[in-house]
Amino acid sequence: MKIYCEKDYEAMSRRAAGILGAQVILKPDSVLGLATGSSPVGTYQELIRRYEAGELDFSKVTSVNLDEYKGLSGENDQSYRYFMNIHFFDHVNIDKSRTFVPDGLAKDSQKACTEYNAIIRREGPVDLQLLGLGNNGHIGFNEPAPIFEKETHCVDLAASTIEANKRFFEKEEDVPRQAYTMGIGNIMQAKKILIIVSGEGKADIVAQAFCGPVTPEVPASILQFHSDVTLVGDEAALSKLMERLEQ
Ligand code: F6R
């Protein structure tokens, strides 16, 4: 695993954008696996800046997002489709018809998952998967569980995830209780993984995920078995991991 320990959120975002940007320069028709949440906002801003400066071209890129809240339409300002549009897609020359996010409004959950798996298979393999890390060790919405789920599935969000994500909603009751997420198997099939973490609040879970036992109770720990993982974090988030690596 490659680790980049950056000074702060801005430096983390620049480093991550550099890695994603290099991917697109080297392979203009890359398939990017994308994430939402607070962690990648700065990365997307930096990618937009580089696009506007003429350094990047997204016209041949395909993207597949990790997850979507069940029950929210793409027009809902809390949906992950909406997030991707306003934070990234609307500002670069990506072909929106080549950007994929699970359908939050699907009537039949099982069918929605099967269809999303088919999209990942058809468009994939993902060249570079961007991930954030949940406070409880989740990646995508793969919550701590007795087993690693392989493919896209509908998941009950953990109480800690609802608590963590309520900051984006008016009130906690508004946070959807279920979501569609790529499975751990889908994520592990990406050729390369880029995981970004910031803030002191993530320091313990980062150390657990990358130095602790590989267990579905800490879903991100499975990344220890992936052969091409880059972890980019700020000093605060990486502090405990660095301590353990130096021991
Ligand atoms: C988002 C996602 C989640 C987040 C994680 C961290 O698409 O899949 O796993 O990456 O919850 O969220 P932030 O970045 O808001 O701390």
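Residues are numbered from 1 along each chain as its sequence is written, and side-chain values use heavy atoms, with hydrogens and water left out. Because the model is predicted, local features need pLDDT of at least 70 and side-chain atom pairs count only at pLDDT 80 or more, whereas totals for chains, interfaces and linings use all residues.

Of the 14 residues around it, Ser39, Asp67, His138, Gly140 and Lys202 come nearest; a residue counts as near a molecule or strand if one of its heavy atoms lies within 4 Å of it. An oxygen atom of the ligand lies 2.6 Å from an N or O atom in the side chain of Asp67. The side chain of His138 likewise has an N or O atom 2.6 Å from a ligand oxygen atom, and for the side chain of Lys202 the distance is 2.8 Å. The protein covers 93% of the 410 Å² of accessible area that the ligand has on its own, where accessible areas come from the Shrake-Rupley method with a 1.4 Å probe and, for residues, only the protein chains shown count as cover.

Asp67 lies in strand E4; strands (E, at least two residues) and helices (H or I, at least four) are DSSP runs, numbered from the N terminus. Asp67 is buried, with a relative accessible area of 4%; buried means under 20%, exposed over 50% and partly exposed in between, with a 1.4 Å probe and protein chains only. Leaving aside neighbours within four places in sequence, Asp67 is in contact with Thr36, Tyr80, Val101, Pro102, Gly140, Phe141, Tyr180 and Thr181, contact meaning heavy atoms within 4.5 Å. Val101 is 34 residues from Asp67 along the chain, and the two C-alpha atoms are separated by 6.7 Å. A polar atom of the Asp67 side chain lies 3.4 Å from the backbone nitrogen of Phe141. Such a polar contact is a pair of N or O atoms within 3.5 Å; within protein, one must be able to donate a hydrogen and the other to accept it, and residues adjacent in sequence count only if both atoms are side-chain atoms.

The aromatic residues form a further theme. The structure holds eight aromatic pairs. Rings of Phe, Tyr and Trp (its six-membered ring) pair if their centres lie within 6.5 Å; planes under 30 degrees apart count as stacked, over 60 as edge-to-face and the rest as tilted. The rings of Tyr51 and Phe58 have centres 6.4 Å apart and planes at 55°, so this pair is tilted. Tyr51 is partly exposed, with a relative accessible area of 25%, whereas Phe58 is buried at 1%. The Tyr69 and Tyr80 rings also form a tilted pair, because their planes stand at 45°, with the centres 4.8 Å apart. Tyr69 lies in strand E4 (residues 67-69) and Tyr80 in helix H3 (residues 80-87), so the pair ties together parts that are eleven residues apart in sequence. Both Tyr69 and Tyr80 are buried. Ring pairs also link Tyr44, Tyr51, Phe58, Phe88 and Phe89 into a cluster.

Helix H2 (residues 41-52) has twelve residues. From its first C-alpha to its last, H2 reaches 17 Å, close to the 16 Å expected at 1.5 Å a residue; the expected span is 1.5 Å times one less than the number of residues. Among the buried residues of H2 are Val41, Tyr44, Leu47 and Arg50. Their cover includes helix H1 (9-26), strand E2 (31-34), H3, strand E6 (128-131) and strand E9 (192-197). H2 is followed by Gly54, whose phi is positive, near 85°.

Ser63, in strand E3 (residues 62-65), is buried, with a relative accessible area of 0%. Beyond its neighbours within four places in sequence, Ser63 is in contact with Leu32, Leu34, Phe89, Ile94, Arg98, Thr99 and Phe100. Asn186, in helix H6 (residues 184-188), is buried at 8%, and its side chain reaches the backbone nitrogen of Thr152 at 3.0 Å.

Two loops complete the tour. Pro125 lies in the loop between helix H4 (109-123) and E6, and a cis peptide bond with omega of about 0° joins Gly124 and Pro125. Gly199 is in the loop between E9 and helix H7 (203-211) and is partly exposed, with a relative accessible area of 23%.
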